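Me: Can we go through this one together? I'd like to start with the rings and then turn to the ligand.

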Amino acid sequence: MTDRSIRTLDATEIRSANTLFRATLHEPPAADDVWQRSQRTYQAGRTLGAFENDTLIGTARSIDTTLTVPGGAVPMAAVTGVGVRADRTRRGVLTDLMATQLTDCAERGVPVAGLHASEAVIYGRYGYGIATHHRSRRVTRHRAEVRSSAPTDGEVELYDLDTALTLLPDVYARVAHSRSGMLDRTEHFWPMWEGHFRKASGLMRLAVHHGSDGPDGYAAYRAVTDNVVDDVAVMHIEDMAAATPAAYADLWRALLRVDLITRVESLWQPLDVPLEALLTDHRAVATTGVEDDLWLRLVDVPAALNARTYGGGDDAVVLEVSDPVLKSNSGRYRLSASGCSPTSEPAQLALGVDTLGMLYLGGWRVADLVAVGRIEITDASTADDVLGAAHRLLVTDSSPWCGTFF
Ligand SMILES: CC(C)(COP(=O)(O)OP(=O)(O)OC[C@H]1O[C@@H](n2cnc3c(N)ncnc32)[C@H](O)[C@@H]1OP(=O)(O)O)[C@@H](O)C(=O)NCCC(=O)NCCS
(Lines give C-alpha, C1' and ligand atoms only; values in the text may rest on other atoms or scores of the structure.)
Protein backbone atom coordinates (compact mmCIF):
# COMPACT_ATOMS: atom_id res chain seq x y z
CA MET A 1 0.00 0.00 0.00
CA THR A 2 1.31 3.47 -0.84
CA ASP A 3 1.64 5.94 1.95
CA ARG A 4 1.31 9.63 0.93
CA SER A 5 2.53 12.49 3.09
CA ILE A 6 3.26 16.21 2.79
CA ARG A 7 6.07 17.91 4.68
CA THR A 8 8.35 20.95 4.56
CA LEU A 9 11.63 20.26 2.76
CA ASP A 10 14.99 21.13 4.25
CA ALA A 11 17.89 22.81 2.45
CA THR A 12 19.36 19.47 1.29
CA GLU A 13 16.11 18.57 -0.49
CA ILE A 14 15.24 21.70 -2.45
CA ARG A 15 17.37 20.88 -5.50
CA SER A 16 15.39 17.65 -5.97
CA ALA A 17 12.19 19.70 -5.70
CA ASN A 18 13.52 22.12 -8.31
CA THR A 19 14.42 19.24 -10.64
CA LEU A 20 10.95 17.74 -10.22
CA PHE A 21 9.28 21.10 -10.85
CA ARG A 22 11.37 21.76 -13.95
CA ALA A 23 10.45 18.33 -15.32
CA THR A 24 6.75 19.17 -14.96
CA LEU A 25 7.47 22.18 -17.21
CA HIS A 26 9.40 19.88 -19.58
CA GLU A 27 12.73 21.47 -18.72
CA PRO A 28 15.93 19.54 -17.93
CA PRO A 29 17.53 19.76 -14.47
CA ALA A 30 19.25 23.08 -13.73
CA ALA A 31 22.97 23.11 -14.55
CA ASP A 32 25.21 23.93 -11.58
CA ASP A 33 25.65 27.61 -12.52
CA VAL A 34 21.89 28.04 -12.98
CA TRP A 35 21.24 26.30 -9.66
CA GLN A 36 23.67 28.65 -7.90
CA ARG A 37 21.24 31.42 -8.84
CA SER A 38 17.95 29.49 -8.60
CA GLN A 39 18.55 28.30 -5.08
CA ARG A 40 18.52 31.93 -3.91
CA THR A 41 14.86 32.12 -4.97
CA TYR A 42 13.96 29.44 -2.40
CA GLN A 43 12.97 30.90 0.96
CA ALA A 44 13.93 28.68 3.88
CA GLY A 45 11.01 26.73 5.33
CA ARG A 46 8.59 27.55 2.52
CA THR A 47 8.99 24.53 0.20
CA LEU A 48 6.60 21.63 0.53
CA GLY A 49 7.20 18.12 -0.79
CA ALA A 50 4.59 15.46 -1.42
CA PHE A 51 5.98 11.98 -0.85
CA GLU A 52 4.78 8.56 -1.86
CA ASN A 53 6.49 6.37 0.68
CA ASP A 54 9.94 8.06 0.61
CA THR A 55 9.80 9.28 -3.00
CA LEU A 56 9.20 12.93 -3.86
CA ILE A 57 6.26 13.14 -6.30
CA GLY A 58 5.11 16.75 -6.00
CA THR A 59 6.12 20.16 -4.71
CA ALA A 60 4.89 23.71 -4.09
CA ARG A 61 6.58 26.66 -2.46
CA SER A 62 6.06 30.29 -1.60
CA ILE A 63 7.92 33.51 -0.90
CA ASP A 64 6.87 36.04 1.74
CA THR A 65 6.04 39.42 0.25
CA THR A 66 3.71 42.39 0.59
CA LEU A 67 0.84 43.13 -1.77
CA THR A 68 -0.21 46.72 -2.47
CA VAL A 69 -3.97 47.04 -1.99
CA PRO A 70 -6.27 50.09 -2.26
CA GLY A 71 -5.17 52.44 0.52
CA GLY A 72 -2.55 50.13 2.02
CA ALA A 73 -0.66 46.86 1.86
CA VAL A 74 -1.04 43.31 3.16
CA PRO A 75 1.36 40.38 3.72
CA MET A 76 1.10 37.85 0.91
CA ALA A 77 2.49 34.38 0.20
CA ALA A 78 3.71 34.39 -3.42
CA VAL A 79 3.05 30.80 -4.46
CA THR A 80 5.27 29.27 -7.13
CA GLY A 81 7.22 26.14 -8.08
CA VAL A 82 4.04 24.02 -8.18
CA GLY A 83 4.32 20.66 -9.93
CA VAL A 84 3.34 17.01 -9.63
CA ARG A 85 5.27 14.20 -11.32
CA ALA A 86 3.52 13.38 -14.61
CA ASP A 87 2.96 9.75 -13.58
CA ARG A 88 1.28 10.79 -10.32
CA THR A 89 -1.16 13.50 -11.51
CA ARG A 90 -4.97 13.50 -11.09
CA ARG A 91 -4.97 11.59 -7.84
CA GLY A 92 -5.18 14.51 -5.44
CA VAL A 93 -1.50 15.35 -4.84
CA LEU A 94 -1.90 19.06 -5.67
CA THR A 95 -5.08 19.16 -3.62
CA ASP A 96 -3.12 17.94 -0.58
CA LEU A 97 -0.26 20.38 -1.24
CA MET A 98 -2.66 23.33 -1.56
CA ALA A 99 -4.55 22.41 1.61
CA THR A 100 -1.27 22.14 3.56
CA GLN A 101 0.10 25.38 2.15
CA LEU A 102 -3.07 27.39 2.78
CA THR A 103 -3.39 26.02 6.32
CA ASP A 104 0.25 26.97 6.95
CA CYS A 105 -0.40 30.52 5.66
CA ALA A 106 -3.44 30.80 7.93
CA GLU A 107 -1.46 29.58 10.95
CA ARG A 108 1.34 32.05 10.22
CA GLY A 109 -1.17 34.91 9.96
CA VAL A 110 -0.64 35.60 6.23
CA PRO A 111 -4.03 36.93 5.05
CA VAL A 112 -3.53 36.57 1.28
CA ALA A 113 -1.86 34.13 -1.13
CA GLY A 114 -1.17 34.94 -4.78
CA LEU A 115 0.16 33.19 -7.87
CA HIS A 116 0.47 33.23 -11.64
CA ALA A 117 -1.26 30.22 -13.17
CA SER A 118 0.13 28.02 -15.95
CA GLU A 119 -3.45 26.98 -16.78
CA ALA A 120 -6.64 28.81 -15.86
CA VAL A 121 -8.55 25.69 -14.79
CA ILE A 122 -6.27 24.66 -11.91
CA TYR A 123 -6.59 27.07 -9.01
CA GLY A 124 -10.21 28.22 -8.75
CA ARG A 125 -11.08 25.06 -6.80
CA TYR A 126 -8.56 26.12 -4.14
CA GLY A 127 -10.17 29.55 -3.75
CA TYR A 128 -7.97 31.60 -6.11
CA GLY A 129 -9.53 34.13 -8.49
CA ILE A 130 -8.06 36.37 -11.20
CA ALA A 131 -7.51 39.73 -9.51
CA THR A 132 -5.43 41.55 -12.14
CA HIS A 133 -4.87 41.50 -15.87
CA HIS A 134 -2.08 42.77 -18.06
CA ARG A 135 -2.06 44.11 -21.59
CA SER A 136 0.62 43.74 -24.26
CA ARG A 137 0.89 46.35 -26.99
CA ARG A 138 2.80 46.65 -30.25
CA VAL A 139 4.14 50.06 -31.19
CA THR A 140 5.14 50.83 -34.79
CA ARG A 141 8.15 52.94 -34.05
CA HIS A 142 8.26 55.15 -37.17
CA ARG A 143 4.68 56.31 -36.41
CA ALA A 144 5.23 56.80 -32.69
CA GLU A 145 6.03 60.16 -31.19
CA VAL A 146 5.27 61.42 -27.68
CA ARG A 147 2.95 64.44 -27.73
CA SER A 148 4.77 67.68 -26.95
CA SER A 149 2.20 68.52 -24.23
CA ALA A 150 3.10 65.37 -22.22
CA PRO A 151 4.91 66.17 -18.97
CA THR A 152 8.66 65.89 -18.57
CA ASP A 153 10.81 65.92 -15.46
CA GLY A 154 14.32 64.57 -15.64
CA GLU A 155 16.67 62.34 -17.57
CA VAL A 156 16.76 58.73 -18.69
CA GLU A 157 20.02 56.78 -18.31
CA LEU A 158 20.77 53.35 -19.83
CA TYR A 159 22.54 50.53 -17.96
CA ASP A 160 23.68 46.99 -18.77
CA LEU A 161 22.42 43.85 -17.03
CA ASP A 162 25.12 43.65 -14.35
CA THR A 163 24.58 47.28 -13.38
CA ALA A 164 20.81 46.80 -13.59
CA LEU A 165 21.03 44.09 -10.95
CA THR A 166 22.70 46.44 -8.49
CA LEU A 167 20.43 49.43 -9.27
CA LEU A 168 16.99 48.03 -9.90
CA PRO A 169 16.03 46.72 -6.44
CA ASP A 170 16.20 50.28 -5.04
CA VAL A 171 14.55 51.84 -8.10
CA TYR A 172 11.76 49.26 -8.01
CA ALA A 173 11.23 49.89 -4.30
CA ARG A 174 10.46 53.53 -5.16
CA VAL A 175 7.60 52.52 -7.46
CA ALA A 176 6.45 49.28 -5.77
CA HIS A 177 3.39 50.83 -4.15
CA SER A 178 2.24 53.00 -7.06
CA ARG A 179 -0.60 50.65 -8.07
CA SER A 180 -2.78 48.03 -6.35
CA GLY A 181 -1.56 44.54 -7.14
CA MET A 182 2.15 45.38 -7.11
CA LEU A 183 4.46 43.38 -4.87
CA ASP A 184 7.53 44.06 -2.81
CA ARG A 185 10.32 42.25 -4.60
CA THR A 186 12.33 40.75 -1.78
CA GLU A 187 15.80 39.25 -2.24
CA HIS A 188 14.17 35.98 -3.39
CA PHE A 189 12.55 37.62 -6.44
CA TRP A 190 15.62 39.15 -8.08
CA PRO A 191 17.46 35.92 -8.97
CA MET A 192 14.33 34.92 -10.97
CA TRP A 193 14.42 38.25 -12.76
CA GLU A 194 18.13 37.83 -13.45
CA GLY A 195 17.62 34.25 -14.62
CA HIS A 196 15.08 35.40 -17.17
CA PHE A 197 17.31 38.08 -18.68
CA ARG A 198 20.42 35.87 -18.69
CA LYS A 199 18.54 33.09 -20.47
CA ALA A 200 16.68 35.26 -22.97
CA SER A 201 18.17 36.19 -26.33
CA GLY A 202 19.05 39.74 -27.34
CA LEU A 203 20.85 42.58 -25.64
CA MET A 204 19.28 43.57 -22.33
CA ARG A 205 19.22 47.20 -21.23
CA LEU A 206 17.73 48.96 -18.24
CA ALA A 207 16.45 52.52 -18.74
CA VAL A 208 16.07 54.42 -15.46
CA HIS A 209 14.24 57.71 -15.17
CA HIS A 210 15.91 60.10 -12.75
CA GLY A 211 13.24 62.64 -11.79
CA SER A 212 13.54 65.70 -9.58
CA ASP A 213 13.10 63.49 -6.48
CA GLY A 214 15.44 60.74 -7.64
CA PRO A 215 14.74 57.54 -9.60
CA ASP A 216 11.01 57.19 -10.19
CA GLY A 217 10.61 54.86 -13.15
CA TYR A 218 12.36 52.24 -15.24
CA ALA A 219 12.00 50.02 -18.29
CA ALA A 220 13.96 46.80 -18.81
CA TYR A 221 14.10 45.77 -22.43
CA ARG A 222 15.76 43.37 -24.83
CA ALA A 223 16.60 44.35 -28.36
CA VAL A 224 16.19 41.26 -30.50
CA THR A 225 17.58 41.18 -34.00
CA ASP A 226 14.82 40.36 -36.43
CA ASN A 227 16.57 38.76 -39.41
CA VAL A 228 13.39 38.89 -41.44
CA VAL A 229 13.72 42.66 -41.67
CA ASP A 230 17.36 43.11 -42.65
CA ASP A 231 18.88 42.82 -39.21
CA VAL A 232 16.76 45.58 -37.78
CA ALA A 233 15.78 44.88 -34.20
CA VAL A 234 12.57 44.55 -32.21
CA MET A 235 12.49 46.00 -28.70
CA HIS A 236 10.77 43.84 -26.06
CA ILE A 237 9.96 45.87 -22.94
CA GLU A 238 9.57 43.13 -20.34
CA ASP A 239 9.49 45.07 -17.09
CA MET A 240 8.40 48.67 -16.74
CA ALA A 241 6.89 50.85 -14.05
CA ALA A 242 6.67 54.57 -13.46
CA ALA A 243 5.60 56.37 -10.32
CA THR A 244 4.69 59.64 -12.09
CA PRO A 245 3.15 60.62 -15.44
CA ALA A 246 6.34 62.55 -16.28
CA ALA A 247 8.50 59.47 -15.67
CA TYR A 248 6.19 57.43 -17.89
CA ALA A 249 6.30 59.99 -20.72
CA ASP A 250 10.07 60.51 -20.47
CA LEU A 251 10.72 56.76 -20.53
CA TRP A 252 8.71 56.44 -23.73
CA ARG A 253 10.55 59.40 -25.27
CA ALA A 254 13.85 57.66 -24.53
CA LEU A 255 12.70 54.22 -25.68
CA LEU A 256 11.35 55.54 -28.98
CA ARG A 257 14.65 57.37 -29.61
CA VAL A 258 16.64 54.12 -29.73
CA ASP A 259 17.76 53.70 -33.34
CA LEU A 260 17.40 50.65 -35.62
CA ILE A 261 14.22 49.45 -33.92
CA THR A 262 11.28 48.70 -36.21
CA ARG A 263 8.71 47.98 -33.54
CA VAL A 264 8.40 47.94 -29.80
CA GLU A 265 6.61 45.11 -27.97
CA SER A 266 5.41 46.59 -24.69
CA LEU A 267 4.68 43.44 -22.70
CA TRP A 268 2.51 42.74 -19.65
CA GLN A 269 1.62 46.32 -18.69
CA PRO A 270 -1.43 47.65 -16.78
CA LEU A 271 -4.68 47.62 -18.77
CA ASP A 272 -5.18 51.35 -18.41
CA VAL A 273 -1.77 53.00 -18.94
CA PRO A 274 -2.61 55.74 -21.46
CA LEU A 275 0.05 54.86 -24.06
CA GLU A 276 -2.25 55.43 -27.05
CA ALA A 277 -3.19 58.89 -25.77
CA LEU A 278 0.44 59.75 -25.01
CA LEU A 279 1.39 59.49 -28.68
CA THR A 280 0.53 61.80 -31.57
CA ASP A 281 -0.83 58.83 -33.57
CA HIS A 282 -3.18 56.53 -31.61
CA ARG A 283 -2.88 53.90 -34.30
CA ALA A 284 0.84 53.56 -33.79
CA VAL A 285 -0.25 51.27 -30.93
CA ALA A 286 -2.16 48.00 -31.20
CA THR A 287 -3.15 45.72 -28.34
CA THR A 288 -1.66 42.29 -28.96
CA GLY A 289 -3.03 40.52 -25.90
CA VAL A 290 -4.88 40.85 -22.59
CA GLU A 291 -4.21 38.03 -20.14
CA ASP A 292 -4.73 37.10 -16.53
CA ASP A 293 -1.91 38.29 -14.29
CA LEU A 294 -2.16 37.82 -10.50
CA TRP A 295 -4.54 35.29 -8.95
CA LEU A 296 -5.46 36.03 -5.36
CA ARG A 297 -6.74 33.84 -2.55
CA LEU A 298 -8.06 35.45 0.64
CA VAL A 299 -6.66 33.17 3.34
CA ASP A 300 -8.18 35.17 6.20
CA VAL A 301 -11.25 36.90 4.77
CA PRO A 302 -11.84 39.54 7.48
CA ALA A 303 -8.12 40.36 7.87
CA ALA A 304 -7.67 40.69 4.10
CA LEU A 305 -10.81 42.80 3.66
CA ASN A 306 -9.76 45.05 6.52
CA ALA A 307 -6.35 45.64 4.92
CA ARG A 308 -7.82 47.74 2.10
CA THR A 309 -9.91 50.90 2.06
CA TYR A 310 -13.34 51.37 0.49
CA GLY A 311 -15.28 54.14 -1.19
CA GLY A 312 -18.99 54.44 -0.88
CA GLY A 313 -19.62 57.00 1.88
CA ASP A 314 -22.51 55.56 3.91
CA ASP A 315 -22.90 52.47 1.73
CA ALA A 316 -22.78 48.98 3.23
CA VAL A 317 -23.40 45.49 1.88
CA VAL A 318 -23.65 42.09 3.56
CA LEU A 319 -21.73 39.30 1.82
CA GLU A 320 -22.26 35.59 2.33
CA VAL A 321 -18.88 33.98 1.57
CA SER A 322 -18.40 30.25 1.05
CA ASP A 323 -14.95 28.70 1.37
CA PRO A 324 -14.78 24.94 0.84
CA VAL A 325 -11.06 24.68 1.77
CA LEU A 326 -10.55 27.04 4.74
CA LYS A 327 -13.98 26.59 6.23
CA SER A 328 -13.62 29.15 9.01
CA ASN A 329 -13.84 31.85 6.31
CA SER A 330 -17.38 30.80 5.41
CA GLY A 331 -19.93 33.19 6.86
CA ARG A 332 -21.53 36.59 6.57
CA TYR A 333 -19.56 39.85 6.52
CA ARG A 334 -20.73 43.45 6.55
CA LEU A 335 -18.60 45.63 4.28
CA SER A 336 -18.64 49.41 4.58
CA ALA A 337 -16.27 52.37 4.38
CA SER A 338 -15.16 51.53 7.94
CA GLY A 339 -14.11 48.01 6.93
CA CYS A 340 -15.33 44.46 7.29
CA SER A 341 -16.89 42.72 10.29
CA PRO A 342 -18.69 39.41 10.77
CA THR A 343 -22.46 39.91 11.03
CA SER A 344 -25.68 38.00 11.57
CA GLU A 345 -27.62 40.38 9.28
CA PRO A 346 -29.22 38.76 6.21
CA ALA A 347 -26.90 38.40 3.22
CA GLN A 348 -27.42 40.56 0.12
CA LEU A 349 -24.74 39.03 -2.11
CA ALA A 350 -23.57 35.40 -1.99
CA LEU A 351 -20.26 34.40 -3.53
CA GLY A 352 -17.37 31.95 -3.31
CA VAL A 353 -14.03 32.96 -1.84
CA ASP A 354 -12.48 32.68 -5.35
CA THR A 355 -14.86 35.36 -6.65
CA LEU A 356 -14.08 37.51 -3.61
CA GLY A 357 -10.41 37.24 -4.64
CA MET A 358 -11.39 38.62 -8.06
CA LEU A 359 -13.15 41.60 -6.48
CA TYR A 360 -10.51 42.31 -3.86
CA LEU A 361 -8.42 44.86 -5.80
CA GLY A 362 -11.33 46.38 -7.73
CA GLY A 363 -10.39 44.73 -11.02
CA TRP A 364 -13.92 43.52 -11.83
CA ARG A 365 -17.37 45.13 -11.74
CA VAL A 366 -19.69 43.42 -9.28
CA ALA A 367 -22.58 43.66 -11.79
CA ASP A 368 -20.53 41.79 -14.41
CA LEU A 369 -19.85 38.91 -12.02
CA VAL A 370 -23.54 38.83 -11.10
CA ALA A 371 -24.39 38.75 -14.82
CA VAL A 372 -22.27 35.63 -15.38
CA GLY A 373 -23.64 33.87 -12.31
CA ARG A 374 -20.54 34.09 -10.12
CA ILE A 375 -22.37 36.23 -7.53
CA GLU A 376 -25.93 35.67 -6.41
CA ILE A 377 -28.25 38.51 -5.38
CA THR A 378 -30.33 37.12 -2.56
CA ASP A 379 -33.28 39.57 -2.88
CA ALA A 380 -34.05 40.62 -6.47
CA SER A 381 -36.24 43.53 -5.29
CA THR A 382 -33.18 45.37 -3.87
CA ALA A 383 -30.76 44.40 -6.66
CA ASP A 384 -30.13 47.90 -8.03
CA ASP A 385 -29.42 49.40 -4.61
CA VAL A 386 -27.17 46.52 -3.56
CA LEU A 387 -25.23 46.52 -6.82
CA GLY A 388 -24.76 50.29 -6.67
CA ALA A 389 -23.51 50.15 -3.09
CA ALA A 390 -21.15 47.22 -3.77
CA HIS A 391 -19.77 48.97 -6.83
CA ARG A 392 -19.10 52.24 -4.99
CA LEU A 393 -17.42 50.39 -2.12
CA LEU A 394 -15.10 48.23 -4.19
CA VAL A 395 -14.32 50.27 -7.29
CA THR A 396 -10.83 51.75 -7.63
CA ASP A 397 -9.38 54.61 -9.68
CA SER A 398 -6.92 52.57 -11.70
CA SER A 399 -6.69 49.01 -12.95
CA PRO A 400 -4.89 46.75 -10.50
CA TRP A 401 -1.74 45.17 -11.91
CA CYS A 402 1.04 43.02 -10.54
CA GLY A 403 3.91 43.29 -13.02
CA THR A 404 6.14 40.90 -11.10
CA PHE A 405 6.55 37.39 -12.42
CA PHE A 406 7.38 34.65 -9.91
C1 LIG B 1 -1.25 21.26 -12.32
C2 LIG B 1 -0.79 20.04 -11.52
C3 LIG B 1 0.15 20.52 -10.41
C4 LIG B 1 -2.04 19.35 -10.92
O5 LIG B 1 -1.61 18.35 -10.03
P6 LIG B 1 -2.57 17.09 -9.68
O7 LIG B 1 -1.92 16.37 -8.55
O8 LIG B 1 -2.86 16.34 -10.93
O9 LIG B 1 -3.88 17.79 -9.20
P10 LIG B 1 -5.07 17.06 -8.39
O11 LIG B 1 -5.06 15.61 -8.71
O12 LIG B 1 -5.00 17.42 -6.96
O13 LIG B 1 -6.31 17.76 -9.08
C14 LIG B 1 -7.42 18.21 -8.41
C15 LIG B 1 -8.51 18.53 -9.42
O16 LIG B 1 -8.03 19.51 -10.34
C17 LIG B 1 -8.13 19.03 -11.67
N18 LIG B 1 -6.95 19.51 -12.37
C19 LIG B 1 -5.72 19.65 -11.85
N20 LIG B 1 -4.87 20.10 -12.79
C21 LIG B 1 -5.59 20.24 -13.91
C22 LIG B 1 -5.27 20.67 -15.21
N23 LIG B 1 -4.00 21.02 -15.53
N24 LIG B 1 -6.25 20.68 -16.13
C25 LIG B 1 -7.51 20.32 -15.80
N26 LIG B 1 -7.88 19.90 -14.56
C27 LIG B 1 -6.92 19.87 -13.64
C28 LIG B 1 -8.14 17.53 -11.53
O29 LIG B 1 -8.73 16.90 -12.62
C30 LIG B 1 -8.91 17.33 -10.27
O31 LIG B 1 -10.29 17.46 -10.52
P32 LIG B 1 -11.39 16.65 -9.68
O33 LIG B 1 -11.22 17.11 -8.25
O34 LIG B 1 -12.68 17.06 -10.29
O35 LIG B 1 -11.03 15.22 -9.86
C36 LIG B 1 -0.04 19.03 -12.42
O37 LIG B 1 -0.91 18.65 -13.46
C38 LIG B 1 1.25 19.56 -13.01
O39 LIG B 1 2.31 19.40 -12.42
N40 LIG B 1 1.16 20.21 -14.19
C41 LIG B 1 2.35 20.70 -14.90
C42 LIG B 1 3.05 21.85 -14.16
C43 LIG B 1 2.13 23.00 -13.88
O44 LIG B 1 1.37 23.44 -14.73
N45 LIG B 1 2.23 23.52 -12.66
C46 LIG B 1 1.46 24.65 -12.20
C47 LIG B 1 2.31 25.86 -12.29
S48 LIG B 1 1.36 27.32 -11.91
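**Rings and ligand**

Reply: Arg185 lies over the face of Tyr172, 3.9 Å from the ring centre (the criterion is NZ of Lys or CZ of Arg within 6 Å of the ring centre and within 35 degrees of the ring normal). This is a predicted model, where local features need pLDDT of at least 70, side-chain atom pairs count only at pLDDT 80 or more, and totals for chains, interfaces and linings use all residues. Residues are numbered from 1 along each chain as its sequence is written, and side-chain values use heavy atoms, with hydrogens and water left out.

Me: Is Tyr172 buried or exposed?

Reply: Tyr172 is buried, at 2% relative accessible area (buried is under 20%, exposed over 50%, partly exposed in between, with a 1.4 Å probe and protein chains only).

Me: Which aromatic cluster has Tyr172 in it?

Reply: Tyr172 forms one with Trp190, Trp193, Phe197 and Tyr218 (rings of Phe, Tyr and Trp, the last by its six-membered ring, pair if their centres lie within 6.5 Å; planes under 30 degrees apart are stacked, over 60 edge-to-face, the rest tilted).

Me: Switching to the ligand. Which residues come nearest?

Reply: Of the 19 residues around the ligand, those are Arg90, Gly92, Thr95, Ser118 and Glu119 (around means a heavy atom within 4 Å).
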